[in-house]
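Thanks for asking me to take a look at this one. Here are my notes, point by point, with the cut-offs given as they come up.

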Amino acid sequence: ACAVPPAACRGSRLFPEQEVVFNGRDETVNRRLWTLCRWEVAETQRHDYGERSGGQSWTVPGTKVVKPIPVSSPEKRAPKPSDQPSAAPTVGEWQSVAEKRIELLSTVCKNSSLRNLTHVSISKFVLDRIFVCDKHKILFCQTPKVGNTQWKKVLIVLNGAFSTVEEIPENLVHDHEKNGLPRLSSLSPQEITHRLNSYFKFFIVRDPFERLISAFKDKFVKNPRFEPWYKHDIAPAIIRKYRKSHRDSDLATSGLHFEDFVRYLGDVEGRRRMDRQFGEHIIHWVTYAELCAPCEIHYSVVGHHETLERDAPHILRAAGIDELVSYPAIPPGITRYNRTKVERYFSGISKRDIRRLYARYQGDFSLFGYPNPDFLLN
């Protein structure tokens, strides 16, 4: 079945039509689901809100993008932000994008070959990630390193503690004892079931590998919140096990390398043993499936970090709170996917280690329509 892309971009030089295909049930047939044009949204770019840079825009949504047959010339480069048309997608068009994301999620959840990577139980670990706003019947699953601070501010305003997001002190947002945001795990089983069945539920994702780079920089390089356990406990444990040559007397001062981090994440059995020691700190790099159980919990909306300027207003409208609170302003260029940076971080890492890493995060790539990082794998 094919759907015609919006008239605003159909046939455009800048938005060639793309066919989106993905594995169907039981991996037996590749089904053509719809024809979409590429949303090359100029304003939607990188976040933590972190480093600003150029980079490549991202295509919504699908597991693989099949290149169109060229008419008269080879495939053109991705257009620069200055090439983008000024007209934004309409509310209806973005609603269609959001619905197709949920449809893709549902289909990948049925793919038996990925089941071990996409299905988890709704454990206390998952329920601890989900924040509750009873006043407006909203559940928000926290996915660290994807701009969650801003969404927590939105919920804090909705709970009535502050009038605007700008008034909220940064340190309060991350103080879960004082920010007034209850977790779903704090409720009774009956209360949990009721909210999961009836509340508006959402979470945000970003390119899985770029998220890992952000987690590495935030926790092991910059560490802006002065969390010493990452440098003094977690990093030395990873270095001791995964760096080929090291001196025990120098573990805390030598600093974790991204290559060490990748080896740790790609080692299935060794990582599991270490994660039990690291406790809840692993939330910054475990998969979206492990954090939010998207194949077990039927979410209303899955937002994408790369298209946050379109997704944030859509989520507020869909939750019925767009007239009560505003999402914080997004600096231009800050949520864009940056392939150059991804290539730079992975440049010194062996293909074997990258493939092991991808094997762990393949479920996230597939569930949320991110293109496979073939430029790293091959």
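1. A word on terms before the details: contact here means heavy atoms within 4.5 Å. Helices (H or I, at least four residues) and strands (E, at least two) are DSSP runs, numbered from the N terminus. Please keep in mind that this is a predicted model, where local features need pLDDT of at least 70 and side-chain atom pairs count only at pLDDT 80 or more, while totals for chains, interfaces and linings use all residues. Residues are numbered from 1 along each chain as its sequence is written, and side-chain values use heavy atoms, with hydrogens and water left out.

2. Overall picture. The protein has 16 helices and 7 strands. Of its 378 residues, 52% count as buried, where buried means under 20% relative accessible area, exposed over 50%, and partly exposed in between (1.4 Å probe, protein chains only). Among contacts with a separation of 6 or more, 74% link residues 24 or more positions apart. The protein exposes about 17600 Å², with carbon and sulfur atoms supplying 51% of it; the areas come from the Shrake-Rupley method with a 1.4 Å probe, and for residues only the protein chains shown count as cover.

3. The sheet. Four strands form an open sheet in the order β4-β5-β6-β7, with mixed pairing; two strands pair if DSSP finds at least two bridges between them. β4 (130-133) and β7 (301-304) are at the edges with a single partner strand each, so one side of each has no neighbour in the sheet. From one strand to the next the twist averages 20°. Axes are lines fitted to C-alpha atoms, for helices over the stretch in contact, and angles run from 0 to 180 degrees between N-to-C directions.

4. Strand by strand. β4 and β5 (residues 138-141) run antiparallel, joined by 4 bridges, and Phe131 stands opposite Phe140 in β5. β5 and β6 are parallel over 3 bridges, with Ile138 opposite Phe200 in β6. β6 and β7 also run parallel, through 4 bridges, and here Phe203 faces Val302 in β7.

5. What covers the sheet? Helix α4 (residues 148-158) lies across β4, β5 and β6 (200-205), at about 160° to β5. In β6, 6 of 6 residues are buried: Phe200, Phe202 and Ile204 point one way, and Lys201, Phe203 and Val205 the other.

6. Helix α10. 8 of the 9 residues of α10 are buried, so this helix is largely enclosed by the rest of the structure. The buried residues include Phe258, Asp260 and Arg263. Their cover includes α7, α8 (228-242), α11 (268-278), α14 and α15.

7. Aromatic pairs. Rings of Phe, Tyr and Trp (its six-membered ring) pair if their centres lie within 6.5 Å; planes under 30 degrees apart count as stacked, over 60 as edge-to-face and the rest as tilted. By this rule there are 26 aromatic pairs. Phe209 and Phe365 form an edge-to-face pair, 5.2 Å centre to centre with 90° between the planes. Phe209 lies in helix α7 (residues 208-222) and Phe365 in helix α15 (residues 351-367), so the pair ties together parts 156 residues apart in sequence. Both Phe209 and Phe365 are buried. The ring centres of Phe258 and Tyr345 are 5.3 Å apart with planes at 80°, so this pair is edge-to-face.
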